[in-house]
Amino acid sequence: MGNKKGSGAAGLFLLTIAVTPQLPAQGPPPATPPQGGAETPATGGPGAQGGRGGGGGGRRAGGFVPGQQRPPGDPAQIARGKALYGIHCTGCHGADLRGGDMGGPNLLRSQVALSDRSGELILPIVQGSRQNAGMPAIDMSPADGAAVATYVRSIMETIGRQGTPPSVGLPPPSILVGNAGEGQAYFAAKCGACHSATGDMQGIASRYPDAKALQNAWVSGGGGRGRGGRGAAAGAPSTRTVMVTVTLPSGAVEGQLVRIDDFLVTVGLADGTLRTFRRDGNVPKVEVRDPMKAHRDMLAAYSDKDMHDVTAYLVTLK
Ligand code: HEC
Ligand code: HEC
């Protein structure tokens with residue numbers, strides 16, 4: 001892939017100066033914020049051996065590491081981005097991001113990928129802005145694009161920390177290598193509480209005739225179409241809308257979760273109006289119900305084998 005040295009270190013320097021913290025523009029926050037931030041991104045291991053110094057010699061934690069001033073990625077979003085990357089990008093950009101068989105450039109040395117903060121630079125490329133240069137448009141929702149971008153950044157941060165190239169260790173994206181029987185057992189155990197083969201999942205393989213799209217759909221919970229939550233207060237709640245109840249001395253206020261952080265919570269009421277309440281610790285009491293939480297939680301738990309098995313099984317539900 002040529003071009004091993006040069007632009008890298010200088011580029012990092014310039015880029016990190018301009019970085020300011022910003023919340024990722026993704027879906028609503030999880031009901032329980034990830035604790036402590038001690039979780040590692042879903043990479044394939046520490047990958048500490050060897051390497052060529054990552055172009056930065058003396059760089060260390062606390063130095064000018066790309067992404068360091070960004071909030072750490074949500075582990076569930078990173079895991080989802082990893083899965084999506086494996087499906088859509090590995091063939092061209094490589095399992096380790098350093099370029100693949102089908103001619104994509106090394107993303108670890110990409111200025112675009114380095115500067116991206118929440119998908120704003122990567123997403124347009126994914127959506128087709130570089131088609132003339134050989135990168136096809138990839139059909140992906142903005143939320144999924146943001147997840148992939150978060151994953152790519154999480155890998156770049158591991159390089160920054162370790163000063164070595166990462167070992168991501170994704171196997172090639174063979175979709176239909178799973179065992180349908182084991183996938184069925186997994187489905188019964190982990191998905192059966194909410195889905196059934198004879199109910200809502202009937203014909204799922206006909207709705208998603210392409211195995212990759214099918215895997216994408218079940219891993220993400222079918223993202224793309226009108227996911228509720230932040231900014232969706234005006235629309236009618238759907239089966240995937242995040243709802244919230246705020247209990248005040250004067251009574252409970254219930255509606256769609258528009259926004260929440262440690263200090264404020266904004267509720268979209270049924271009549272389309274928004275109400276924002278100040279939060280002080282546990283006062284008032286705020287209960288968030290996110291129908292897609294199970295999907296996000298599960299993301300961190302799937303092995304590649306689980307994913308292949310479940311997809312192999314779902315493909316049989318024609
Ligand atoms: C069919 C091959 C192919 C696939 C699939 C593909 N890419 Fe690319 N990608 C390319 C090529 C070729 C370029 C170089 C385009 C150029 O030179 O402007 C590129 C460029 C990029 C760049 C810009 C790099 C830079 O610094 O200029 C990013 C970021 C990127 N791809 C991300 C992705 C992501 C994320 C995915 C998966 C969602 C993906 N690509 C899937 C072929 C591919
Ligand atoms: C706690 C409940 C819950 C669990 C457990 C769960 N899901 Fe879901 N899933 C949902 C909800 C809610 C949706 C969104 C449904 C909708 O949009 O109407 C969804 C959506 C989906 C979709 C998209 C359907 C479509 O038509 O696009 C697929 C596929 C899916 N789930 C597969 C799975 C699989 C496979 C598992 C187990 C590995 C699983 N789900 C576990 C709640 C769950």
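## Strand pairing

Strand β1 (residues 243-248) pairs with strand β2 (residues 251-260) in the antiparallel sense, over six bridges. The model described here is predicted. β1 and β2 form a hairpin, with two residues between them. Within this pairing, M243 has Q256 of β2 as its bridge partner. β1 is also joined to strand β5 (residues 285-289) by five bridges, and β1 and β5 run antiparallel. There, T245 stands opposite E287 of β5.

| Strands | Sense | Bridges |
|---|---|---|
| β1 and β2 | antiparallel | six bridges |
| β1 and β5 | antiparallel | five bridges |

## Helix packing

Helix α9 (residues 211-220) packs with helix α11 (residues 304-314) at an angle of about 115 degrees, and their axes are 10 Å apart. The two helices, α9 and α11, are therefore roughly perpendicular to each other. Their crossing is right-handed. On the α9 side, the contact is made by A211, L214, Q215, W218 and V219, and on the α11 side by M307, V310, T311 and L314. By class, this contact of α9 with α11 comprises seven nonpolar residues, two polar residues and no charged residues.

## Surroundings of the ligand

Ligand 1 is surrounded by 24 residues, of which the closest are C89, C92, S110, A133 and M135. The helices α3 (90-93), α4 (111-115) and α5 (122-129) each supply at least two residues of this shell. By class, the shell around ligand 1 has 15 nonpolar residues, eight polar residues and one charged residue.

Technical notes: Residues are numbered from 1 along each chain as its sequence is written. Chains are lettered from A and ligands numbered from 1 in the order in which they are written. This is a predicted model: local features need pLDDT of at least 70, side-chain atom pairs count only at pLDDT 80 or more; totals for chains, interfaces and linings use all residues. A residue is near a molecule or strand if its C-beta atom, placed from the backbone, lies within 6 Å of it. Helices (H or I, at least four residues) and strands (E, at least two) are DSSP runs, numbered from the N terminus. Ala, Val, Leu, Ile, Met, Phe, Trp, Tyr, Cys and Pro count as nonpolar, Asp, Glu, Lys and Arg as charged, and the others, Gly among them, as polar. Axes are lines fitted to C-alpha atoms, for helices over the stretch in contact, and angles run from 0 to 180 degrees between N-to-C directions. Angles under 35 degrees count as roughly parallel, over 145 as roughly antiparallel, 65 to 115 as roughly perpendicular and the rest as oblique. A crossing is left-handed if the near helix is turned anticlockwise from the far one by less than a right angle, and right-handed if clockwise. Two residues are in contact if their C-beta atoms, placed from the backbone, lie within 7 Å. Two strands pair if DSSP finds at least two bridges between them.
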